Amino acid sequence: MTRGRDGGAGAPPTKHRALLAAVVTLIVAISAAIYAGASADDGGTDRTPLAGGRLPRGDAAPASTGSWVGAWSTSPAAAEPGTETTGMAGRSVRNVVHAGVGGTSARITLSNLYGQSPLTVTHASIALAAGPDTAAAVADTMRRLTFRGSPRVIIPPGGQVMSDIARIAVPYGADVLVTTYSPVPSGPVTYHPQARQTSYLADGDRTADVTAVAYTTPTPYWRYLTALDVLSNEADGTVVAIGDSITDGFGSETNANNRWTDVLAERLHEAAGDGRDAPRYSVVNQGISGNRILTSRAGRPSDNPSALSRFERDVLQRTNVKVVVIVLGVNDILNSPELADRDSILDGLRTLVDRAHARGLRVVGATIMPFGGYRHYTPAREAMRQEINEEIRSGRVFDEVVDFDKALRDAYDPRRLRADYDSGDHLHPSDKGYARMGQVLDLDALKGAVPVEA
């Protein structure tokens, strides 16, 4: 890690998965007991029974103490092919997301960015998953979501909406089920195709189901859902990572949460628990596979919008953002119609930094990792990568630099990823490589703000 514009590097952490599962189970049991009594007399007007005869518990509720932070988020990436006419009409979409920080209340954001007609959601719910790789919920955690007091919301084309606050205890590391149902066609579905997480579909309105019986269709996508925020006593702010497939986690194990951002979130959680002098931040992932700094793909709005065009929505508008981590540039080098211009890429990165500084946000930037052996590798592209990295390392681009190139390259052939850090395509890291990335980012680099620039 090197200092940057303000003047001013190990083995992956032990996962302790069995211990974490036991802790989550204990917290769920305790929170269920607490909230069962607290929500029994909710004054909501919609008291439709849940599946199994249960009433909705813990609907919209006043917030208690803590800070609102991002527990999970994703970037709307494109219009889902094949959904142009009917969307997800008549189906329940149960998104499974992983909470990178714990909290006592939650709210979600739904997007109809790529819709060509209004998206009508008549019911939505949130619950804790009953275990890994399942659509089943812990019954006493099922909550009906509302929007300005109503279970029904209409999201205009290109729009998004945030739910009311739901009273639900979300433990760190829990899988959370967010389910929506739309009875009418809505045009193209706004989705994120590289979720690296299995979600589920069911026919009919099964938003309140606590069993997985109706959810017979697994899916590798996230649909409509773009954010889960929690009211947390564990974190005071949010780190937003914006990037391409390497931040999206392409090639990492599905349902294992092995993206480099997951590893960073775990390190911050452990540091806070140990009482170390580390930032109390959550981490959210705004990676889109194939993303570039300068150019978007076709469409209106554009599929896979450029970092320059999506920075306001995907970074600056995230909840309580304090720090931005930028991991971009390789696709501009590899996939431009003609060889990308080195200065244009650097100017694009500096523009992102200036926009963050205008909000007083600290920016950590990464060097571009090697891609020797990848099908689009050429000596000219390698020379451009080296030139851009030299400028990044100089400290004239970012406030802080995390040298992912140095951390993952082959010591004997620095044009390539080290073999055990390579997923096999010579561009994307393996799970071990992602763990290395999450470890090498110095937590101290996330500390502090910058003066707001006019």
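**Helix packing, an open sheet and a buried glutamate**

In the predicted model, the axes of helix α6 (residues 342–357) and helix α7 (residues 379–393) come within 10 Å and cross at roughly 35°. Axes are lines fitted to C-alpha atoms, for helices over the stretch in contact, and angles run from 0 to 180 degrees between N-to-C directions. Helices (H or I, at least four residues) and strands (E, at least two) are DSSP runs, numbered from the N terminus. Residues are numbered from 1 along each chain as its sequence is written, and side-chain values use heavy atoms, with hydrogens and water left out. Local features need pLDDT of at least 70 and side-chain atom pairs count only at pLDDT 80 or more, whereas totals for chains, interfaces and linings use all residues.

The crossing of α6 and α7 is right-handed, meaning that the near helix is turned clockwise from the far one by less than a right angle. On the α6 side, R342, I345, L346, L349 and R350 are in contact with M384, E387, I388, E391 and I392 of α7 (contact: heavy atoms within 4.5 Å). Six of the residues in this contact are nonpolar, none is polar and four are charged; Ala, Val, Leu, Ile, Met, Phe, Trp, Tyr, Cys and Pro count as nonpolar, Asp, Glu, Lys and Arg as charged, and the others, Gly among them, as polar.

Four strands form an open sheet in the order β2-β16-β5-β10, with antiparallel pairing (two strands pair if DSSP finds at least two bridges between them). Its edge strands, β2 (67–73) and β10 (160–162), each pair on one side only. On average, neighbouring strands are turned by 20° against each other, direction ignored.

Within this sheet, β5 (residues 105–111) pairs with β16 (residues 225–232) over six bridges in the antiparallel sense. Here I108 has L228 as its bridge partner, and A106 stands opposite V230. Pairing of β5 with β10 is also antiparallel, over three bridges, with M162 as the bridge partner of T109. Seven of the seven residues of β5 are buried, so the strand is largely enclosed by the rest of the structure (buried: under 20% relative accessible area; exposed: over 50%; partly exposed in between; 1.4 Å probe, protein chains only). S105, R107, T109 and S111 point one way from β5, and A106, I108 and L110 the other way.

E80 lies in the loop between β3 (78–79) and β4 (91–98) and is buried, with a relative accessible area of 7%. Its side chain and that of R223 are joined by a polar contact of 2.8 Å (a pair of N or O atoms within 3.5 Å; within protein, one must be able to donate a hydrogen and the other to accept it, and residues adjacent in sequence count only if both atoms are side-chain atoms). Not counting residues up to four places away in sequence, E80 touches M88, V189, Y191, Y221 and R223.
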